[in-house]
Amino acid sequence: MQCVGGAVSGLSWSLLCGGSLLLWRQTRTRTAYGRYVSAESRCCPAALGWFLQELPSFLLPVLLLLLPGEPGPGDPGPGPGDPGPGPGRTLLLCTFTLHYFHRSFIYAFLTRGRPVPLETIVCAAIFCSLNGFLQGHHLLHCARFDDTWPTNARLAAGFFLFVVGLSINIHSDHILRSLRKPGEVVYRIPRGGMFEFVSGANFFGEIVEWCGYAVAGWSLPTFAFAFFTLCSIGPRAFHHHRDYQRRFEDYPRCRKALIPFLL
């Protein structure tokens, strides 16, 4: 499959514009999920909802990876402008699919969250489908890496940030699950890990993840995805902080300010 540059550019700019609009919208209203869902909303069980909405971001890149790349009879094969096979793109794609494998097949079935509104699931599934195709197609068919990529300091720094962010995200989700017994709907202040520094440690970890991914990829599609993530879940962390302040009079007590926006 040859690189479709117009689709890559168009989807990337759509993420940048869409992220900006979403950030503006969330300064005026909260996204309807979790504790902010209206009682009248039509919802889906949390495990099924998370699985359905996250799966396309895992499935589409894997399908693109498995598509036959060898030329068939009468096919002239890759042209001079086509990128050849290389481990750099595959490794970056593995970091992307690793996150969404965890979200689709592990996190989704461990979560004890509230039911997810159907509207949220549909919107998230559409985004994950478009972004999954964008990242997979860009990395597999468009991105270029020279022969020195394994010793590239920027690439190493990006991978390091990704691993740190993924670790923070998974550990923070574990802390949040531990706050609640099955069937409980009470809210408690999370303690431990990065929650000692920021209220939305799980959101912070995911933002660090995709910033690392953007640094490693160093391209418009990877940057656009990191930017959209910041615009999407950054305000959620802020809303969570305000909600904790409203629910708990002593919050945040003895909590340091590492990232004021995410506190």
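This is a predicted model: local features need pLDDT of at least 70, side-chain atom pairs count only at pLDDT 80 or more; totals for chains, interfaces and linings use all residues.

Residues are numbered from 1 along each chain as its sequence is written, and side-chain values use heavy atoms, with hydrogens and water left out.

Q: How many helices and strands does the chain have?
A: The chain has seven helices and two strands. Helices (H or I, at least four residues) and strands (E, at least two) are DSSP runs, numbered from the N terminus. Their order along the sequence is α-β-α-α-β-α-α-α-α.

Q: What makes Cys 3 and Cys 142 a disulfide?
A: A disulfide is a pair of cysteine sulfur atoms within 2.5 Å. The sulfur atoms of Cys 3 and Cys 142 are 2.0 Å apart, so the pair forms a disulfide. A search of the whole structure finds one disulfide. The pair links distant parts of the chain, 139 residues apart. Cys 3 lies in the segment before helix H1 (5–26), and Cys 142 in helix H4 (residues 118–142).

Q: Why is the disulfide of Cys 3 and Cys 142 called right-handed?
A: The torsion about its S-S bond is about 100 degrees, so the disulfide is right-handed.

Q: Which of the two, Cys 3 or Cys 142, is buried, and which is partly exposed?
A: Buried means under 20% relative accessible area, exposed over 50%, and partly exposed in between (1.4 Å probe, protein chains only). Cys 142 has 15%, so Cys 142 is buried. Cys 3 has 35%, so Cys 3 is partly exposed.

Q: Why is Cys 128 called buried?
A: Its relative accessibility is 3%, so Cys 128 counts as buried.

Q: Why does Thr 111 count as buried?
A: Thr 111 has 16% relative accessibility, so the label is buried. Thr 111 sits in the loop between H3 and strand E2 (116–117). Contact means heavy atoms within 4.5 Å. Leaving aside neighbours within four places in sequence, Thr 111 is in contact with Ala 46, Ala 47, Trp 50 and Arg 177.

Q: Why is Phe 101 called partly exposed?
A: Phe 101 has 37% relative accessibility, so Phe 101 counts as partly exposed. Phe 101 is found in helix H3 (residues 87–110).
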